[in-house]
Amino acid sequence: HSSVWQPAFQWCCVLLDHLRARTIELALVDKHLKKYRGHQLTHEIQNLFDAVNAISNSNGDPFWIKGTVKKLEDYWKLCTYQNAANSILVLKQTMDLQGDFKIVETLAQEISTPADVKTLKDVNETLVKAGESVMELASDDKRMECLKTFSECQDVVTWIRQITKGVGDLQNFVNVALATAAGGEDAMAQDRLSHLRTVGSGFGSLIYDLKKTSGFKELIAGCKSLWVALDKSEKKLPQLLRECNKELEW
């Protein structure tokens, strides 16, 4: 059995050496360790370390495991920030925002580097802390959908901005249109107007408050009220915005 056992044991030794030195390729981290993410990760590495020590009759110190596990978790955190960073940059480009997006641009660039050319040593703790600023977006699929849909529905966003100057103005516009619709138009028309009011109010901070000079800080600040509106709409805001954009000619 030595032809099978010895290579397997040697592989475990090499894996532990690379984990200890943090020279393991990130592609291998995902392949071999991601399934243990969470509390189980420390347990699995400790078990492997203990087994190798017992077989080789050595008495190594496991002091490095805690720090390595933190690095692994930091790497996976960065991965969760990728979609959020990309969605923000798409919105920046779509709306031609000229403000400061350096944190997001750095995140997107760092994460996009192929994992097979980077090691655990390359995980930047400062970047991980910076990435926490997009965590409220990255951790919620519906919030991600909101920003993505807003980027995709700029026709109706531009139209709303052109005909109204603020949420109050939009409310008045819809109220007048509803009064007119009540005089003869069908229920579908009234539903469309109600949706327009919900969308305009929900996305109001992005529609009216973002300027050409706005940056990431202003965008995230504007999203605070959007998240509240998203929850109140039972997560239906993106769907309503798509419907309004589709029915713009109406």
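Helix α13 bends by about 30° at K224, where the bend is the angle between axes fitted to the seven residues ending there and the seven starting there. This is a predicted model, in which local features need pLDDT of at least 70 and side-chain atom pairs count only at pLDDT 80 or more, while totals for chains, interfaces and linings use all residues. Residues are numbered from 1 along each chain as its sequence is written, and side-chain values use heavy atoms, with hydrogens and water left out.

- Helices (H or I, at least four residues) are DSSP runs, numbered from the N terminus.
- Helix α13 has 17 residues (216-232) and should span 24 Å at 1.5 Å a residue; the 25 Å between its end C-alpha atoms agrees with this. The expected span is 1.5 Å times one less than the number of residues.
- Buried residues of α13 include F216, L219, C223, L226 and L230. Here buried means under 20% relative accessible area, exposed over 50%, and partly exposed in between, for a 1.4 Å probe and protein chains only.
- In helix α9 (residues 154-163), Q154, V156, V157 and I160 are buried. They lie on the same side of α9, because they cover an arc of only 165° around the axis; the arc is that of the directions from the helix axis to the C-beta atoms.
- Exposed residues D155 and Q162 sit on the face of α9 turned away from its buried side.
- An α-helix has 3.6 residues a turn, so residues three or four places apart point the same way.

**Salt bridges**

- A salt bridge is a side-chain nitrogen of Lys or Arg within 4 Å of a carboxyl oxygen of Asp or Glu. By this rule the count is eleven.
- K70 and D74 form a salt bridge, at 3.0 Å from N to O. Both residues belong to helix α4 (residues 64-95) and are four residues apart, about one turn of the helix.
- K70 is partly exposed, with a relative accessible area of 43%, whereas D74 is buried, at 6%.
- D96 and K212 also form a salt bridge, at 3.5 Å from N to O. D96 lies in the loop between α4 and α5 (102-112) and K212 in the loop between α12 (204-208) and α13, so the pair ties together parts that are 116 residues apart in sequence.
- D96 is partly exposed, with a relative accessible area of 38%, and K212 is partly exposed at 49%.
- The closest N and O atoms of the salt bridge between D140 and R143 are 3.9 Å apart. Salt bridges that share partners join K70, D74 and E125 into one network.

**The second largest pocket**

- The second largest pocket holds about 150 Å³ of space.
- Its lining includes W11, L15, H32, Y36, E44 and L48.
- Helices α1 (2-21) and α3 (39-56) each supply at least two residues of this lining.
- On a 1 Å grid over the protein atoms alone, a pocket is an open set of points where a 1.4 Å probe fits, with protein on both sides within 12 Å along at least five of seven lines; lining residues have an atom within 4 Å of a point. The volume is the space filled by probe spheres set on the points, which are joined across faces, edges and corners.

**Positive phi angles**

- Most residues other than glycine have a negative phi.
- N57 is not a glycine, yet its phi is positive, about 55°. N57 lies in the loop between α3 and α4 and is exposed, at 71% relative accessibility.
- E234 follows α13 and likewise has a positive phi of about 55° without being a glycine. E234 is in the loop between α13 and α14 (237-246) and is exposed, with a relative accessible area of 60%.
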